[in-house]
Amino acid sequence: GWFRDSLGNAGTAAPPAVQRDRPGDPRAFSLVRAALAPPEATPHNPRAMSVLRIGLAQINPTVGDLDGNHDRIVEAIGRARALGVEVLAFPELAVTGYPPEDLLLRPSFVERATERTRDLLPHTRGMTVIVGTLDRGDALYDAAAVLHDGAWAGVYRKHHLPNYGVFDERRYFEPGGRNLVFARGDVTLGVSVCEDIWFAGD
């Protein structure tokens with residue numbers, strides 16, 4: 001399915017406990033599955049873990065189809081909301097499709113991608129949505145926008161731009177230089193984009 005939560009489960013709830021036995025069969029087995037409850041407080045773990053339902057929206061954006069990609073993102077947000085997702089993450093450059101390449105040289109394309117990203121805000125009521133998009137400042141950046149409860153919460157700019165094999169990101173983007181960390185309730189979350197996660201301490 002398109003959605004898996006942070007425990008690897010698909011759908012709305014953890015699978016029910018199941019037990020099977022086949023006595024007398026040399027291949028006899030018992031299988032028990034149950035959801036793991038948060039641990040009780042202990043001296044080394046003074047409080048139970050906070051639980052946050054995270055969704056990964058595995059959509060298939062089309063390069064250059066800004067309106068179509070916007071609609072795909074909106075649909076995925078709606079499906080995630082129905083599943084009780086609190087934080088939903090989309091792929092790199094989900095708004096533009098990847099890789100947009102020379103479309104990025106067209107100012108009208110960059111402007112429209114920014115508009116379509118901000119058009120997502122009213123659809124994020126009650127959720128936190130992290131969506132791959134463009135960010136224009138003193139240069140153009142490969143970015144992840146954090147949209148929270150209908151408002152723009154921040155933007156992360158990709159640090160490490162691959163320029164090998166089929167990748168040519170340095171031709172279009174400048175590297176970001178700041179990290180983005182935000183708190184949602186008792187849970188602290190950081191944002192990175194693709195290759196950035198391979199480099200510790202950045």
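**A buried asparagine, a pocket and a salt-bridge network**

N69 is buried, its relative accessible area being 0% (buried means under 20%, exposed over 50% and partly exposed in between, with a 1.4 Å probe and protein chains only). The model is predicted, so local features require pLDDT of at least 70 and side-chain atom pairs pLDDT 80 or more, whereas totals for chains, interfaces and linings use all residues. Residues are numbered from 1 along each chain as its sequence is written, and side-chain values use heavy atoms, with hydrogens and water left out.

N69 belongs to helix α1, which spans residues 66-82 (helices are DSSP runs of H or I with at least four residues, strands runs of E with at least two, numbered from the N terminus). Leaving aside residues up to four places away in sequence, N69 touches P61 and T62 as well as A94, V95, T96 and G97 (contact means heavy atoms within 4.5 Å).

Helix α1 also contains D67, which is paired with R116 of helix α2 (residues 107-118), 49 residues apart, so that distant parts of the chain are linked. D67 is partly exposed at 38% relative accessibility, while R116 is buried at 12%. R116 additionally meets D119 in a salt bridge, at 2.6 Å from N to O; D119 is partly exposed, at 31%. Through shared partners, salt bridges join D67, R112, E115, R116 and D119 into one network.

Another salt bridge connects R72 and D65, with 3.5 Å between the closest N and O atoms. Both residues count as partly exposed, R72 at 29% and D65 at 28%. The structure holds ten salt bridges.

The second largest pocket has a volume of about 450 Å³. On a 1 Å grid over the protein atoms alone, a pocket is an open set of points with protein on both sides within 12 Å along at least five of seven lines, and lining residues have an atom within 4 Å of a point. Its volume is the space filled by probe spheres set on the points, which are joined across faces, edges and corners.

This pocket is lined by 22 residues, with L56, A89, F90, I130 and S192 nearest its centre. Strands β1 (54-56), β2 (87-89), β3 (128-136), β4 (140-148) and β7 (187-191) each supply at least two lining residues. The lining comprises 17 nonpolar, four polar and one charged residue (Ala, Val, Leu, Ile, Met, Phe, Trp, Tyr, Cys and Pro count as nonpolar, Asp, Glu, Lys and Arg as charged, and the others, Gly among them, as polar).

Conventions
On a 1 Å grid over the protein atoms alone, a cavity is a set of points where a 1.4 Å probe fits but cannot get out, and a pocket is an open set with protein on both sides within 12 Å along at least five of seven lines; lining residues have an atom within 4 Å of a point. A salt bridge is a side-chain nitrogen of Lys or Arg within 4 Å of a carboxyl oxygen of Asp or Glu.
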